[in-house]
Amino acid sequence: MGRSVSLQLFLAVFLVSGLLGGCGSSKKEGEQQTQVSAPTKVGSESCTNTCHSTTRDITGNIIAQAWANTTHTTVQGVQCEDCHGGGSMHWGVGPMPFPIPQAEQCSQASCHASFLSGFNQTAHANTHAEGAPFGPDKFFFQGDPGSGQASLRTRNGTDIQEVTPTGQPVNKSQHIVECSVCHNPNQRFVAYSTNLFRPFQRNFPSDTGEDSQNQNGEDSNFQSRYINPAVSCAGCHDAHQPQQMVTIPQRTTPVGYSIYRRYSTPELGRIQGTIFQPNGVVLTGVPVAGTATNNNEVSPELLCAACHTVSKYKFSNLSTHQSNVYPQWTHSGHGEREKPAWAEFSANPAGYINPLTGLAYTDLGHTTSYPVDMALRSYGATASATSNQGNNNFACFKCHNGLTSIAYQKNIQGTPAAPVVFGDASATCITCHDPHQKGTFAGGANTTSNIRVPVAMTNYSTANVKVFGNVFLDNQPIPQNNANETICIFCHQGRESGFTLYRAKLAPGKSSAGAFFNPHYLGTAAMLWGANGYEFSGKSYSANVAHQQANCASCHMDNATEDDTIGGHSWNPNVASCNTSSCHGGGVGPAVAAKPGTAAPEVNAYRAAFDTSDYDGSGALEPIAVEIKGLQDKLIALLAANGIFYTDLKYPYFFADPAFTTNYTAWNTATGGTTAFKAAFNLQFIIKGLPSAATSQTAVPNASAAVHNHKYIIQLLRDSYEEYNAVAAAKGATLSGVRPAGTRPATVYGPGQ
C-alpha cells in the first residue's frame, strides 16, 4: 500500500511539474536558464498507437482515425511531429514544442508558406493590422485570470460587470473560456475553480515559438510573447483532417474537398461549414441532383456563422457583443436560396418555391449537375478526363454559384488551377471575403475586412470584341475610390453594354437581325457609375455624384435594425442611411420616408424639394421613380405601335408578338431598325436593374433606377424615345418635359454609331 501511495504521489508530482513546465519549453521547473537540446522526433506511431489511439480533438473526432484518413497523411505524408514538434521529451505529460500549432507551423517552407504573409494582414490573425490600436489581449481585457469579477463587453460597446443569471459573479478565468470560443477557437480552455486549468495560462499562442524562464520557472518574456489570441488555421480547418479525396467523372485522378471544423452554438446547434455535400444522392462518392427534400446545397457560411452570429456567453447567458452577420445574410438576396438567381441554377429547381409566384421552379435549362469542374469551360469540353456532365452554365457560374464565382474572380476559370465545386451555393461569405488575405485594388489600395478584388473586373471575349481589365463592359475605367465595392460591380454590371451591342449587331458590316441582345439582370452598379447603357453620339450624360461618393456599402450595409432584416449584411438599405446630416437629412431635400412597418426607404415616393423638373412630360411633379415609369411606358407604347411588344415577366427576353409566344427577331427591318434595337436594349437595361414584383412592370415604378442614378436613366430613356420616334414607321407623340443636363459626352463606340 505504501509503495502504491508513493507511486501515485510521484506520478502526481510528475504530472504537475509537466504542466507547470509548459508547452514549448524543454526545461524543468526551477532550473536555471541553461540551453538544452531541442526535443527530437519519435514517430507518429508512438502517438497514435499508444496514448492517443482514442483521444478526441476539440471537435469530437478521434485524432488517430481522422489523421490516418486525411490527404495530409495519405498524400503529403505529414506526421504528427511535423506540426507539433519533436515528442522525445513528452512522455505523455511533458512539454511539446507546439501543443496547439498556430499559423506559423502550417506555413513552414515545405507546406503553406505562401499563405502566411497574406494571412498576417487579416483581422483573424490579429497581428495589430486592424483595430484601434490593438486587437483583444490574451485575457480579453480582464488583465489576468483568476477569481476577480469579469467585465463584459456588450453589443453597444459598453462594459458591464458579468454575472450569472442567478446573480453570481463570473470570474475572469471563466470569461477567458467564454471569449476564446471565437477569439482563440483552436484552444480547449477549461476553468478549474477560479483559475485556468487547461491550458496553463502561460501557454497562449506564441509570437516567437520560443520560451525562456527565469530561475523561478517563470516566463521572463511573458508580456511580449503571449499577447494576441488569434483565429489560426485550425480555427477553421479541421486540423487533423483538412481534406479528403473523391473520384469524380470529370477527372482520372481523385480531387480534394475541404473539411472544416465543427462548432456548437446555442442558436445554431452543432454546425460544420462544408463545400462537399455529404447528404446528397451519392454515386461513386459524389453527390448528384437531389430530390425536393434533398437539395445539393453546400454551406461554407455555417463555419463563419459560428462566430459571426450573436450568441450567449456560457456563464452569464448574456448576448455576445459581435454584429449579427449571419442572420442578416439569411434575409438578403445573397443568402435566400429560393430566389431565382440561385434556385433556377440549382441541382433541383423543383425543391424551391419561387417567392414571386408561390410555385415550385421548373427547369428553364439552367439546372446544374454536380460536381462542376471549373477547369472545363463548357459542356462537351475536355480536360484530364471527360466533360462536365450535362452542365451548360459555365458562363453563368461567374455569379450564379458563390463558389464557382471565386474561379472567375481569380481569372482561373477553364484552367487546371480552377477548383471542383460539389453543390449549390448562393453568394456566401467566402464569395466576397478572402479569409487568407486582403484584396488589393488598382494603385495598391487594400480593401478592409478581407474583401476580394477580382483580377479582372471584365473579361469579355467574343469574335466581335474583347474587353479585359479593370473596366466596365463599355470600356470605361472602374473609378479609383472603389476598392471595397469592386466585388459588387463584378456581378452587378450585367453581361452586355451599349458597346458590346454595337460591336456585335450595329457596327458596319454587322446584322441586327435575330435574337435580342440581352443586357441581363441587376446592372445596378453600372447604373450607379453611369456605364453600360447605349449612349447616343452627340448627347451628354450625367453622374449621380452624391450616391457614387456614398457607394454601395454606405447605402446598403449601414444601420442594421434590431431584427436584422434591414441594413448590415442583409443589404437592404435602411432609411437612416439616407437621412444622415450629409445626405437627405441635411438640407438637400426632404428626409426619405420609411416604407410602412419597416425601416426600408420608400424611394418609390421620394422627390427632392429643389428638383422642380417635369422629366416625363406629364405636367406634374411626381416622385422620381414615377417620372421614370412614365418614360418607360411611353417607350413601351412606341415600340408596341411598331409591332414590338414587351413584358419583363415572360421568358425568354421579353420582346415578342402581341401574344408573347414568338420572340421578335426583325430588328433590321424598317419597323424595327437598329435604332429600335438601341431603344429596346436601354429599356431592358433599366427595367432589369430590379426585376418587377408586380403583374406587369408598367404597373409599378422602377425605384432601383431612380435611386442608383436617375439622371443617367432619364437621359437614356428620353434619348431612346426621341431617336427611335424619328425613324419609326408609326410615330408617337412628341416628347415634352425636361432632359437633365449632362456632364460628359457620350461614349463613342465606332463609326456610324
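Modeller: On a 1 Å grid over the protein atoms alone, a cavity is a set of points where a 1.4 Å probe fits but cannot get out, and its lining residues have an atom within 4 Å of a point. The model is predicted: local features need pLDDT of at least 70 and side-chain atom pairs count only at pLDDT 80 or more, while totals for chains, interfaces and linings use all residues. Residues are numbered from 1 along each chain as its sequence is written, and side-chain values use heavy atoms, without hydrogens and water.

Colleague: Which residues lie nearest the centre of the largest cavity?

Modeller: Of the 14 residues that line the largest cavity, Trp342, Ser346, Asp424, Ala425 and Ser426 lie nearest its centre. The search of the whole structure finds two cavities of 30 Å³ or more, and the largest holds about 80 Å³ of space, a volume being the space filled by probe spheres set on the grid points.

Colleague: What makes β6 and β7 a pair?

Modeller: Two strands (DSSP E runs of at least two residues) pair if DSSP finds at least two bridges between them; five bridges join β6 (residues 255-265) to β7, so these antiparallel strands pair. Serine 264, for one, has arginine 270 in β7 as its bridge partner.

Key: Helices (H or I, at least four residues) and strands (E, at least two) are DSSP runs, numbered from the N terminus. On a 1 Å grid over the protein atoms alone, a cavity is a set of points where a 1.4 Å probe fits but cannot get out, and a pocket is an open set with protein on both sides within 12 Å along at least five of seven lines; lining residues have an atom within 4 Å of a point.
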